[in-house]
Amino acid sequence: MNHFAYKRGALFAEDVPLAEIANAVGTPTYVYSTATLTRHVKVMQQAFGHTPHLVCYSVKANSNLAILRLLHEAGCGFDIVSGGELARVRVAARADTSRVVFAGVGKTADEMAQALDAGILLFNVESEEELLLLDKVAREKGVRAPFGIRVNPHVDARTHRHIATGLKTSKFGVPFEEARALYQRSRRLKGLWARGLDCHIGSQLTDSAPIRAALARVAGLYRALVAQGFALQYLDIGGGLGITYKEETPPSPAEYARVVVEATRGTGATLVLEPGRVVVGNAGVLLTRVLYRKKTPTRSFVIVDAGMNDLIRPALYEAHHEVRPVRRHSRGRTGRVDVVGPICESTDVLAKDRVLAPVRPGDLLAILSAGAYGMSMASNYNSRRRPAEVLVNGDAWRVIRQRELYEDLWRGETP
Ligand code: LLP
């Protein structure tokens, strides 16, 4: 459920007409709904109800400080993958980094040191060499690094091949069979403290079977490690719960929780959840304005002022995002169009072969479900300034990131 809906033919974010925001801030602009964000977090927290758990929002999905602040205030910890994300969390959560988990196959020694200084909850370690470096960095500081091994449970998450991470061929995690030996090895390393076990099988999961299969394996390993005397406390199950972009029917948070709790029963672990997309995906839209229409012998194009630099998902994953007119009208027959951006690339198609009511230059369109992996993956390609971001709360709204200036484009460069 989200709070983007039509009222008297105009598309609103909560109680604010999107046209009001576009007219004041310009386009392209990402618009997020506070009510949707807080609802999604609450639903997730409630779904896990009495099971000891911690929701660590995955910062990569949308890392705007205002959104991180909101989620911190809603009780979330954070899942990070870089020193930059740690720095953002520090600012947004007013230096409360006690509920941060740190994943990623390529953590540097500097990033490890920063995270140790910040006193994070858990390093999710993805290789033997990383484990040895973490031990060294921690010993140099005279501390013990709390860690879990990210295991690769070798299941097919049945998601887009570009966002599946749990297959045998994946660069992520440690092969399931090798994890035990690493924990054993860590006993002799004085800079380490085995605290958890981690997995993440992929993103935009719409089927609970692979989740169940992966967690059954991982829970078995967790129990075995505890039986061997490791004082583990956290079972980190990663993120990945899917959302509806078009017609997908992902498990609801309640169904997801049922599967997870059942598969991990008897571990006694505090579950760490790392949701990203399910929290922010449908809490954001990308507002864009129509520039031109163009007909070629074979296709009809609607050329808009947002491009693949602003929202790369369609170009990168052939992802589907619904497109809606910000003002509904009846100007005649709907037709099939490609909604394309201004970037000099053939893949700069935001929506392909869509049935859309006729539009005119100056009309506003909303690209839906753009809250996750939208702005956080935006770039300056073609020397375009990245979009502004706006957060709506009831009938109020504010700019939470200004549109970049041309000067921002060459900051740090020397002519
Ligand atoms: N935890 C780990 C270790 C992850 O790698 C990810 C996402 C998450 C949690 C959050 O997953 P979520 O709940 O958002 O599915 N750019 C792609 C998605 C890449 C996901 C990367 N890892 C997209 O736009 O679909």
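From which domains does the shell around the ligand draw at least three residues each? The answer is domain 1 (4-32 + 281-409) and domain 2 (34-279). This is a predicted model. The ligand takes up the space of the largest pocket.

**Ligand shell**
- The ligand has 18 residues around it, and S203, E274, R313, Y317 and Y373 come nearest.
- Sorted by class, the shell holds 7 polar, 6 charged and 5 nonpolar residues.

**Polar contacts and cover**
- S203, one of the nearest residues, places a polar side-chain atom 2.3 Å from a ligand oxygen atom.

**Domain layout**
- The protein chain splits into two named parts, domain 1 (4-32 + 281-409) and domain 2 (34-279).
- Domain 1 is written as two sequence segments, 4-32 and 281-409.
- Domain 2 is written as one segment, 34-279.
- The C-alpha centres of domain 1 and domain 2 are 32 Å apart.
- Across the domain boundary, 24 residues of domain 1 are in contact with 23 residues of domain 2.
- Each of these domains also supplies at least three residues to the shell around the ligand.

Conventions
Residues are numbered from 1 along each chain as its sequence is written. This is a predicted model: local features need pLDDT of at least 70, side-chain atom pairs count only at pLDDT 80 or more; totals for chains, interfaces and linings use all residues. Side-chain values use heavy atoms; hydrogens and water are left out. A residue is near a molecule or strand if one of its heavy atoms lies within 4 Å of it. A polar contact is a pair of N or O atoms within 3.5 Å; within protein, one must be able to donate a hydrogen and the other to accept it, and residues adjacent in sequence count only if both atoms are side-chain atoms. On a 1 Å grid over the protein atoms alone, a cavity is a set of points where a 1.4 Å probe fits but cannot get out, and a pocket is an open set with protein on both sides within 12 Å along at least five of seven lines; lining residues have an atom within 4 Å of a point. A molecule sits in a cavity or pocket if more than half of its atoms lie within 2 Å of its grid points. Ala, Val, Leu, Ile, Met, Phe, Trp, Tyr, Cys and Pro count as nonpolar, Asp, Glu, Lys and Arg as charged, and the others, Gly among them, as polar. Domain bounds come from an automatic or database domain assignment. Contact means heavy atoms within 4.5 Å.
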